[in-house]
Amino acid sequence: MARETWGTRTGFILAAAGSAVGLGNIWRFPWMTAENGGSAFLLVYLVVVLAVGVPGLLGEFVIGRRARRNPVGALRDLSGSRAWGAVGGVSAITGVALLSFYSVVGGWILRYLLVSLVGPFTGGAAYLGAPGTYFETVSYGVEAAGFHLLFLALTGLIVLGGVRRGIELGTKVMMPAVLALLVGMAVWVSTQPGAGAGYDFFLTFDLGTVRANFFSILGPAAGQALFTLSVGAGTMITYASYLGEDRSLPFDGSVIALLNTGVGVLAGLVVFPLLFSQGIDPGSGGPGALFVGIAGAFAALPGGSLLAILFFGVVAFAALSSSISMLEIPVAVLVDEVGWSRRRAVGALLALVATTGTVTALRPALFNVVAGTLVDLLLTGGLVAFLLFAGWVLGRDAIAEYATGAGPLATRFGTPWLLAIGVAIPLFLVFTLLTTLGVDARIGFWPTVGAAALVVGVVLLGLRRGRAAV
């Protein structure tokens, strides 16, 4: 059976951007920004996206297009090692872990959208009266599990349609809708009294604040950058495996990163001015900050009911555009490696995530661990593995793949890019991983840098010996 491919270049870019643009931008980004210093977090985040996220994105693209396989088959076939295939297999586990909390949040979105739609006929949306109490009541428990299953079913229907008729077609509709509605809302919010305080919080950079809190901001900013760009989970390896040779990977990667970052900034330009215009503290509420704060703002605004429908409709589109990419990772593994039909693979994985997601929906403490620390660790560790593979196992072949379809300007950066993904970026990522685990607080900054260098050095030594043995 012939392997599926993207129908158009635009379809691939929108699908990959849709994977990156999602709740990570509209739900998690405002939450992380609010809890980590506002504009200080934004500045560090943008630097990490440019210096780490884009090269990392290209690293996954190179692996996927060269192998034309899922992460398991790609790493195994390109290296000739089953051990590397097992490393690729972690990406399937990561996809399931991501969906196990993501579909719960997607269920929240669907519930708020449904309540917003029926609000005009029932005297107002149920959450408008007491947003905080409403969210606490519906965010976890049996009903939350039910909406999680509904969101998961919608995700499965799109993935079941395949690459062209499902994922590509769906994101071609959803991505332009997300962009258009966010732009319109950002323009409208700018006219609200008090919105200027939100712009100051979000956009007024204070280097003093960055210097004083850099290391406490760095871990969350790096995790957010990887989450929103969809790198580290094998998504971009999978999507790039459906690409043709004539595509410029540097160009496509830059456009995807630009779209992703633009949507994140647009979300901030909607959320923070809206919250400040209503005197709502953006730094409170944790995972529920978006629902509680935005719902409270809608309650106080003229035409808030209509705005709520538009807003939660945007977020629902964005959530689905990302969730389908998370499901596609393990689906591709089962189709390529086990020989299952797409229908059977989707059905089996929906059953699995229905179970794991239901457990997450019933246990708030578990949800917070999965959505925060576990996701950051899995994505960071996964990207380190992919970059070391591209830099040291593929080596010069990675540059050749990078240059295929690229123009002369992009090709000149091939060697610096290889050096960055082979040494500098893995060292940075391991350092952020250690700081996330609190190692720097226990042993100090420089010993943590030394520990990160030691970890990367040991891995590189192992890779070198492995290549010599081959």
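Student: Hi! Is Ser323 buried or exposed?

Tutor: Ser323 counts as buried, because its relative accessibility is 0%. Keep in mind that we are looking at a predicted model.

Student: Where does Ser323 lie?

Tutor: Ser323 lies in helix H14, which covers residues 304-338.

Student: And what does the side chain of Ser323 reach?

Tutor: The side chain of Ser323 reaches the backbone oxygen of Leu320, at 3.2 Å. There is also a polar contact of 2.8 Å between the side chains of Ser323 and Thr155.

Student: Which residues does Ser323 touch, not counting those up to four places away in sequence?

Tutor: With those set aside, Ser323 touches Leu99, Tyr102, Phe151 and Thr155.

Student: Okay, zooming out. How many helices and strands does the protein have?

Tutor: The protein has 21 helices and zero strands. Its radius of gyration is 22 Å, close to the 23 Å that the globule rule gives for 470 residues, so the protein is as compact as a globular protein of that length.

Student: What box do the C-alpha atoms fill?

Tutor: Along the principal axes, the C-alpha atoms fill a box of roughly 70 × 55 × 45 Å.

Student: What percentage of the residues are buried?

Tutor: Buried residues make up 57% of the 470. As for the surface, the protein exposes about 17500 Å², and carbon and sulfur atoms supply 68% of that.

Student: What about charges: how many positive and negative side chains are there?

Tutor: There are 25 positive and 20 negative side chains, and the centres of the two sets lie 9 Å apart.

Student: Let's do loops. Where does Asn36 lie?

Tutor: Asn36 lies in the loop between helix H2 (23-35) and helix H3 (39-67). Asn36 counts as buried, because its relative accessibility is 15% and the cut-off for buried is under 20%.

Student: What does the side chain of Asn36 reach?

Tutor: The side chain of Asn36 reaches the backbone oxygen of Met32 at 2.8 Å. Leaving aside neighbours within four places in sequence, Asn36 is in contact with Phe41, Ser216, Ile217 and Pro220.

Student: Next, Gly141. Which loop is Gly141 found in?

Tutor: Gly141 is found in the loop between helix H6 (131-138) and helix H7 (142-160). Gly141 counts as buried, at 19% relative accessibility.

Student: What does Gly141 touch, not counting residues up to four places away in sequence?

Tutor: Gly141 touches Ala361 and Leu362. Also, the C-alpha atoms of Gly141 and Pro364 are separated by 8.9 Å, though the two residues are 223 apart along the chain. Across the protein, 83% of contacts between residues at least 6 apart in sequence join residues at least 24 apart.

Student: What about phi of Ser230?

Tutor: Phi of Ser230 is near 60°, again a positive value in a residue other than glycine.

Student: Where do I look for Arg68 and Ser230?

Tutor: Arg68 is found in the loop between H3 and helix H4 (71-79), and Ser230 lies in the loop between helix H10 (207-229) and helix H11 (235-240). Arg68 is partly exposed, with a relative accessible area of 30%, whereas Ser230 counts as buried at 10% relative accessibility.

Technical notes. Residues numbered from 1 in each chain as written. Predicted model: local features only at pLDDT ≥ 70, side-chain atom pairs only at ≥ 80, totals over all residues. Heavy atoms only, no water. Helix = DSSP H or I, 4+ residues; strand = E, 2+ residues; numbered from the N terminus. Buried < 20%, exposed > 50% of the residue type's maximum accessible area, 1.4 Å probe, protein only. Polar contact = N/O pair within 3.5 Å; in protein donor to acceptor, adjacent residues only side chain to side chain. Contact = heavy atoms within 4.5 Å. Rg over C-alpha atoms; globule rule 2.2 N^0.38 Å. Areas by Shrake-Rupley, 256 points an atom, 1.4 Å probe, with all protein chains shown as cover. Lys, Arg positive; Asp, Glu negative; His and termini not counted. Charge placed at Lys NZ, Arg CZ, Asp CG, Glu CD.
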